[in-house]
Amino acid sequence: MSAVENQSLNSEGKGQGNSILLPQASIAVFSKDQETLASARQLETDWRFARVVVGVEDGDVNSAIQSYQEFESPDLVIVQTETIDAAFTAKLEELAGHCTEGTSAIVIGPENDVNLYRKLIDMGISDYLVKPIMANVMAEICAKTLIEKIGVKGSRLIAFIGAKGGVGTSVLCQSAACGVAEFMGQKTFLLDACGGWSTMSVGLGFEPVTTLLEAAKEIEAENQDNFNRMIHKVTDKLSVLASGSDVMLDQSISADQLEMMIDVLMAKYPVVFVDLSHSPQALQNVVITRANQINLVSTQGLVSLRQSRSLVQEIKDLRGGEDDGIELIINMSGMVSGQDVPRKDIETAMDLNVSAVVPFDAKLFQGNENASRRITSDKDGETLVKSTLLPVVQKIVSGDFTVDNAADKAGSGSGLLGGLMRKLSSK
Ligand SMILES: Nc1ncnc2c1ncn2[C@@H]1O[C@H](COP(=O)(O)OP(=O)(O)OP(=O)(O)O)[C@@H](O)[C@H]1O
Ligand SMILES: [Mg+2]
């Protein structure tokens with residue numbers, strides 16, 4: 001990103017996955033500009049930065065050099081200057097000499113200069129920004145730089161949670177993960193966070209040879225080879241943790257252990273799905289704060305819709321009051337003939353758009369489940385996943401898929417959803 005673009009960052013950052021709770025990290029800002037200092041101080045009030053230590057100093061590149069002669073440098077140093085000349089770039093080199101390897105640096109300068117921008121980037125500076133730096137730009141730049149630094153650049157964490165038990169969260173999460181791997185060609189990982197309650201091995205046809213706790217212990221011991229042995233490849237692009245043999249009534253892993261596992265997975269897989277149905281609240285909580293997208297699954301029933309409304313509010317509260325990234329999926333539509341709540345009414349009651357409607361189809365879902373087959377191995381299943389779930393996931397995952405003739409037929413005339421609805425009413 002060039003300096004020219006820096007004021008448009010806020011809109012650019014939206015939906016790009018920067019809306020996540022950032023990992024533990026440290027930032028130091030050296031500036032004499034009151035506006036920059038105020039923007040840096042505001043990071044403390046941004047929920048994403050809850051675990052980031054932000055040091056703000058009324059100073060310049062010389063103060064930074066002095067600090068890091070004595071103390072260890074943070075993950076990110078931001079330095080503002082009023083003059084950009086050879087003396088300043090020499091000072092930057094001196095600063096680099098005192099910084100710990102891996103420290104990223106951003107320079108804020110007085111004017112837009114493409115040649116200077118290139119020179120600084122060549123020197124290893126992460127970004128060059130032109131003042132004034134508003135609070136939202138400061139937050140987006142810092143979030144983006146830290147996300148890149150911890151090696152999860154471009155990786156997406158996608159959670160599925162149910163408004164209540166049995167609404168089909170697991171089967172939709174598995175279907176979406178299969179769809180992303182098979183039809184969008186993305187290297188994908190699927191983790192079921194409910195331990196011994198997991199039914200994933202049935203749905204995806206594998207032997208549950210391990211437990212979440214055993215996997216977490218290998219991650220803690222940094223024993224990557226042992227952890228890799230616990231991974232089952234469902235298809236060429238889809239891997240899962242072959243867990244599920246956990247004791248059902250025993251305590252699960254801690255939120256910290258789950259987060260360590262997610263960090264390891266996100267460094268290796270561009271797309272990581274976590275099924276949160278039936279998992280302990282502490283694990284749901286940590287994934288919800290970090291996920292780039294949260295798919296909330298509900299049925300048409302009043303109880304489920306009511307629970308969804310409360311859950312949407314709680315999820316928003318956990319994510320700084322924003323509904324950014326929350327997707328509402330209505331499952332088992334048409335299960336009770338004539339009882340479906342109109343989509344518009346659901347949206348009004350929930351103050352959230354419905355992102356997808358999945359029809360009740362016992363033959364497709366239970367049929368495949370009983371045969372231990374993936375939904376996507378079935379032509380109707382493929383059509384359903386492509387026309388309902390993948391458009392939702394595609395909002396944050398890159399990759400294209402084509403909806404084939406079967407899907408076109410299902411949606412003929414009035415779009416895919418219309419087609420599915422017609423399929424429903426003909427039952
Ligand atoms: N659209 C659908 N049409 C028909 N059956 C469905 C549909 N969606 C899910 N099911 C079936 O409903 C059952 C429950 O699904 P699933 O296990 O995915 O629910 P869950 O919400 O994850 O449950 P839990 O709360 O136990 O984790 C399964 O047998 C599944 O095949
Ligand atoms: Mg489940």
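Which backbone N or O atom lies 3.0 Å from an oxygen atom of ligand 1? In this predicted model, that atom belongs to valine 167.

Figure 1. An oxygen atom of ligand 1 lies 3.0 Å from a backbone N or O atom of valine 167. For valine 171, the separation between a backbone N or O atom and an oxygen atom of the ligand is 2.8 Å. Aspartate 361 places a backbone N or O atom 3.0 Å from a nitrogen atom of ligand 1. Taken on its own, ligand 1 has 640 Å² of accessible area, and the protein covers 83% of that area.

Figure 2. Strand S1 (residues 25-31) runs parallel to S3 and is joined to it by 4 bridges. Within this pairing, valine 29 has isoleucine 78 of S3 as its bridge partner. Strand S4 (residues 104-109) also runs parallel to S3, with 5 bridges between the two. Here isoleucine 78 is partnered by isoleucine 106 of S4.

Figure 3. S4 and S5 are paired in the parallel sense through 4 bridges. Opposite isoleucine 106 stands aspartate 127 of S5. Asp127 and Leu129 on one side of S5, and Tyr128 and Val130 on the other, are all buried, and both faces of the strand are covered. The loop between strand S5 (127-130) and helix H6 (135-149) contains proline 132. The peptide bond between lysine 131 and proline 132 is cis, with omega at about 5°. Most peptide bonds, by contrast, are trans.

Figure 4. Serine 73 belongs to the loop between helix H3 (61-70) and S3. The residue counts as buried because its relative accessibility is 8%, below the 20% cut-off for that class. Its side chain forms a polar contact of 2.8 Å with the side chain of threonine 100. The side chains of serine 73 and threonine 103 are likewise joined by a polar contact, also of 2.8 Å. Serine 73 and threonine 103 are 30 residues apart along the chain, yet their C-alpha atoms are separated by 6.8 Å. Apart from neighbours within four places in sequence, the contacts of serine 73 are Tyr68, Cys99, Thr100 and Thr103.

**Figure 5. Glutamine 293 in strand S11.** Strand S11 covers residues 293-298 and includes glutamine 293. With a relative accessible area of 1%, glutamine 293 is buried. Its side chain makes a polar contact of 3.2 Å with that of asparagine 295. Residues up to four places away in sequence set aside, glutamine 293 touches Leu157, Ile158, Ala159, Gly325, Glu327, Val392, Val393, Lys395 and Ile396.

**Figure 6. Two residues with positive phi.** Most residues other than glycine have a negative phi. Glutamate 222 has a positive phi near 55° and occupies the loop between helix H9 (212-220) and helix H10 (224-229). Its relative accessibility of 71% means that glutamate 222 counts as exposed. Methionine 332 also has a positive phi, near 60°, but is part of strand S12 (residues 326-333).

**Figure 7. Helix H11 and the chain as a whole.** Helix H11 (residues 255-268) has 14 residues, which at 1.5 Å a residue should span 20 Å; its end C-alpha atoms are 20 Å apart, in agreement. Buried residues in H11 are Gln257, Leu258, Glu259, Met261, Ile262, Leu265 and Met266. The chain contains 18 helices and 13 strands, and 52% of its 427 residues count as buried. Among contacts in the chain with a separation of 6 or more, 77% are between residues 24 or more positions apart. The accessible surface of the chain is about 19100 Å², with 49% belonging to carbon and sulfur atoms.

How values were computed
Residues are numbered from 1 along each chain as its sequence is written. Chains are lettered from A and ligands numbered from 1 in the order in which they are written. This is a predicted model: local features need pLDDT of at least 70, side-chain atom pairs count only at pLDDT 80 or more; totals for chains, interfaces and linings use all residues. Side-chain values use heavy atoms; hydrogens and water are left out. The expected span of a helix is 1.5 Å times one less than its number of residues. Buried means under 20% relative accessible area, exposed over 50%, partly exposed in between (1.4 Å probe, protein chains only). A polar contact is a pair of N or O atoms within 3.5 Å; within protein, one must be able to donate a hydrogen and the other to accept it, and residues adjacent in sequence count only if both atoms are side-chain atoms. Contact means heavy atoms within 4.5 Å. Accessible areas come from the Shrake-Rupley method with a 1.4 Å probe; for residues, only the protein chains shown count as cover. Two strands pair if DSSP finds at least two bridges between them.
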